[in-house]
Amino acid sequence: MRTVAAHLRKGVARQVLAHIIEEAKRRGYRRLSLETGSMEAFEPARRLYAAFGFEYCGPFADYTEDPYSVFMTKAL
């Protein structure tokens, strides 16, 4: 998730993530999982995901462990 500089700190990413989670619940999904970057530039995104209850986990689906990826998941 990346927000255009002109809209940083306005809650756009928070609103989008909240919508995704609510839609997933509405559809009856049991879990959401995501992959994001491990570099410093991705720290704000990782903090956002953690604030919404995502926890760090291992790779899922066809992903494999690599130094550039972080995996997170949230039970719904």
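This is a predicted model: local features need pLDDT of at least 70, side-chain atom pairs count only at pLDDT 80 or more; totals for chains, interfaces and linings use all residues.
Colleague: How many aromatic pairs does a search of the whole structure find?

Modeller: The search gives 4 aromatic pairs. Rings of Phe, Tyr and Trp (its six-membered ring) pair if their centres lie within 6.5 Å; planes under 30 degrees apart count as stacked, over 60 as edge-to-face and the rest as tilted. Y49 and F54 make an edge-to-face pair, with 5.9 Å centre to centre and 65° between the planes.

Colleague: Why is the pair F60 and F71 edge-to-face?

Modeller: The ring centres of F60 and F71 are 5.9 Å apart and the planes stand at 85°, so the pair is edge-to-face. F60 sits in the loop between β2 (55-57) and β3 (69-75) and F71 in strand β3, so the pair ties together parts that are 11 residues apart in sequence. Helices (H or I, at least four residues) and strands (E, at least two) are DSSP runs, numbered from the N terminus. F60 is partly exposed at 22%, whereas F71 is buried at 3%.

Colleague: Which residues of the largest nonpolar core touch the most other members?

Modeller: Of its 13 residues, those are L17, I21, Y49, F52, F54 and M72. Such a core is a set of buried Ala, Val, Leu, Ile, Met, Phe, Trp, Tyr and Cys residues joined through side-chain atoms within 4.5 Å. α1 (12-26), β1 (31-37), α2 (43-51) and β3 each supply at least two residues of this core, and α1 gives the most, with 4 residues.

Colleague: New topic. What is the order of the strands in the open sheet?

Modeller: The 3 strands run in the order β1-β3-β2, with antiparallel pairing. Two strands pair if DSSP finds at least two bridges between them. β1 and β2 are the edge strands, each pairing on one side only. β1 and β3 are joined over 7 bridges, and E35 stands opposite F71 in β3.

Methods. Residues are numbered from 1 along each chain as its sequence is written. Side-chain values use heavy atoms; hydrogens and water are left out. Buried means under 20% relative accessible area, exposed over 50%, partly exposed in between (1.4 Å probe, protein chains only).
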